[in-house]
Structures are given as structure tokens and as C-alpha cells.
Amino acid sequence: CSFFPFVFSLKLNHTVICLCENVTRVSEFHLIGLSEDPELQPLLFGLFLSMYLVTVLGNLLITLAVSSDSHLHTPMYFFLANLSLADISFTSTTVPRMIVDIQTHSRVISYAGCLTQMSFFMFFGCLDSMLLTVMAYDRFVAICHPLHYQVIMHPRLCGSLVLLSVLISLLVSQLHNSTVLQLTYFKNVEISHFFCDPSQLLNLACSDTFTNNIVMYFVGAVSGFLPISGIFFSYYKIVSSILRVPSSGGKYKAFSTCGSHLSVVCLFYGTGLGVYLSSAVSLSPRTGAVASVAYTVVTPMLNPFIYSLRNKDIKRAMWRLFRKIV
């Protein structure tokens, strides 16, 4: 089964007792993909190519709109542009490889290629989570301390928060990578996924997992528990502040400023929880792989629509961008 990469990957990291005859040093892995049905391959190829192009184009438009419009040079849109770039990179770690595999009818990935893909997947996945937390903090300051917003969220702090998110994500990725690099023997070379899922790789490992467990619990705490706690705390303060607003119009106006972010947070963590639950109750190894499409492809694809459809400033900036291009 497959789990949300950095929040739920701990469950599979249990102690494995391997017989010597089942232990093998591997140079490559085999990805089982989403389906082996030959008739479905053209459909999957067209579907994921379309979704990938929409994801890249949508997030790229958000980034260009924010950078080209001086009215959007604010902390909220600065973080949104960085989130869009992280979404493009997050999807690009898995989908292009899967599209090529479908087209070439090959599901073999080298050991080095698998580790590289897993490292970037962890990095950009964690970066998404950290940026969502930073954006929650931005909304907390904007709603709970509106008079001091410009003073608190100055450009230097915004840049430092993004840099800190990158450094934490890099630390998480390298810690996970160093753990996997110590695993040279595996029970099997078949990964029940369409990419090198970290939890799947650890589950195939044949070694003493005590040290691995410690590292993975630390990774889970830094990249999963702490961001979720930060988001919950920020929205607890936001809701408490909004409830003190006397007029219903004021409450709606205050909450509408963080509606898009809250939608993205629910989509991001909700799909991850859905993958975890579907994998936990299903005995089919492909069920988790199919469910993982939700957070690896669908969520990054929907983020631009959520922000553009609910945000007049983004709509205006995109129209200005289109007029410049045309």
C-alpha cells in the first residue's frame, strides 16, 4: 500500500525479518504502474499528459501574473508564486517519468534514478507543506494584526520564511535520502507504485530498522506534524478573531481573504489522508497507487483554479498579462 509521502510513511517502516535467500542487492527497480491493460495505456498517456500540461500552464500563469503586476507585490502573492513553482516541480518529479514509461512500455528505473526521484519528491512535497504553513501565518497576521501587517510582514521576513522553508525541506529530503542509502539489500525489486514512493522503498528494505524508525519519526514530525500544527494554530487564532467582529459583513470579508488558502490546505492534506485510508483498507497494491494520483497530480492542477476563480486581483492580473502577450 502507498501512503502520503511525508506525513503517513511511518506506518510501513516496521521491523522486517528477511531470510538470507530472499535478500538481494539491487541495481534497478520495477514500477508496477497504474494498470497493465494494453488498451488503457493510450488513455492514461493522454490523460496524464493533459493534466501535467494544465498543471504547468496554470501554475506558470499564476507566477507570471504575480511577477508582472506591481499590485500583487505583496506577501500573500509572493508566497503564492513560490507555492506555484513548488507545485510545478512537485508534479514534475513523477508525472513526466510515468508518461515516458507508458510511451516506451518500460517500467524499469535504476537504483540511482529511484533515489534521485525520491529525494526530489520529498523535497518539493515538504516545501509545499512548509509554504502552506507560511501562508497560514501570513493570513494570521493580516486578520489578527491588520494595523501592524506591513511592519511585521516586511520583504526581508518574507524572503527569510521562504528560504527557511527551502532549508527545512532540503534537510528532510537529505535525512530521508541518507537513510535509504544505507539500505543495500531488498526483499523485492518490484515497487507497487508508478514512482519511487519513499514508504514503498522502506517497506522493501531488509535491515535493522531501529535507526530508520528514529530518522523517519523525526522526518514525519518536521515535515508533517509541525506544519499541520502551525496551520491549525493560525486558523484557531483567525477564527477567534473573526468571531469578535460585530457585523456579519465584516466577518465574511475577513474570512474571504483566507478562503482560497483554506481550500488548498483541505485539498492537500485531505487527499493525503484519503490515500492513507484507501491504502489501509485495500489489499490491492495498485489501489494506493491510483489514490496517490490525487495528491501528486490533481491537487497541484487544481490550486491555480482555486486561487484564480476566487480572487479578483489574480483575474485582473491575468487579463493584463494576456493583453501584453497578445
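A cavity is a set of grid points where a 1.4 Å probe fits but cannot get out, and its lining residues have an atom within 4 Å of a point. The legends below describe a predicted model.

**Figure 1. The lining of the largest cavity.** L31, G33, L34, S35, Q41, L44, M98, D101, I102, R107 and F194 form this lining. Two elements, α1 (41–68) and α3 (95–104), each give two or more residues to it. The most comes from α3, which gives three residues. By class, the lining holds six nonpolar, three polar and two charged residues. The volume of the largest cavity is about 90 Å³. Searching the whole structure turns up one cavity of 30 Å³ or more.

**Figure 2. The second largest pocket and its lining.** This pocket has a volume of about 240 Å³. Its lining consists of V54, L57, G58, L61, P304, F305, S308, L309, K315, M318, W319 and F322. Helices α1, α11 (285–309) and α12 (312–325) are the elements that give two or more residues to the lining. Nine of the lining residues are nonpolar, two are polar and one is charged.

**Figure 3. The disulfide between C114 and C196.** The sulfur atoms of C114 and C196 are 2.1 Å apart. The pair counts as a disulfide because its sulfur atoms lie within 2.5 Å of each other. C114 belongs to helix α4 (residues 111–144), while C196 sits in the loop between β5 (190–191) and α7 (198–204). The two cysteines are 82 residues apart, and the pair links distant parts of the chain. The link is left-handed, with -130° about the S-S bond. The count of disulfides by this rule is one.

**Figure 4. Two spans from the transmembrane annotation.** An unreviewed UniProt entry places the feature "transmembrane region" at residues 43–66, 78–99, 119–137, 157–176, 214–236, 257–277 and 289–309. In the model, residues 78–99 are 91% helix and 0% strand. The end C-alpha atoms of residues 78–99 are 31 Å apart. Residues 214–236 are 100% helix and 0% strand, and their end C-alpha atoms also lie 31 Å apart.

**Figure 5. Confidence along the chain, with the segment at residues 1–22.** The protein has a mean pLDDT of 82, and 86% of its residues reach 70 or more. Confidence is highest in helix α2 (residues 75–92), with a mean of 94. Strand β1 (residues 24–25) has the lowest, with a mean of 60. Over residues 1–22 the pLDDT stays under 50. For residues 1–22 the model has 69 contacts beyond four places in sequence.

How values were computed:
Residues numbered from 1 in each chain as written. Predicted model: local features only at pLDDT ≥ 70, side-chain atom pairs only at ≥ 80, totals over all residues. Heavy atoms only, no water. 1 Å grid on protein atoms, 1.4 Å probe; cavity = no way out; pocket = protein on both sides within 12 Å on 5 of 7 lines; lining within 4 Å. Points joined across faces, edges and corners; volume = space filled by probe spheres on them. Helix = DSSP H or I, 4+ residues; strand = E, 2+ residues; numbered from the N terminus. Nonpolar A, V, L, I, M, F, W, Y, C, P; charged D, E, K, R; others polar. UniProt positions renumbered as here; feature names shortened; annotations may be inferred. pLDDT = per-residue confidence, 0-100. Contact = heavy atoms within 4.5 Å.
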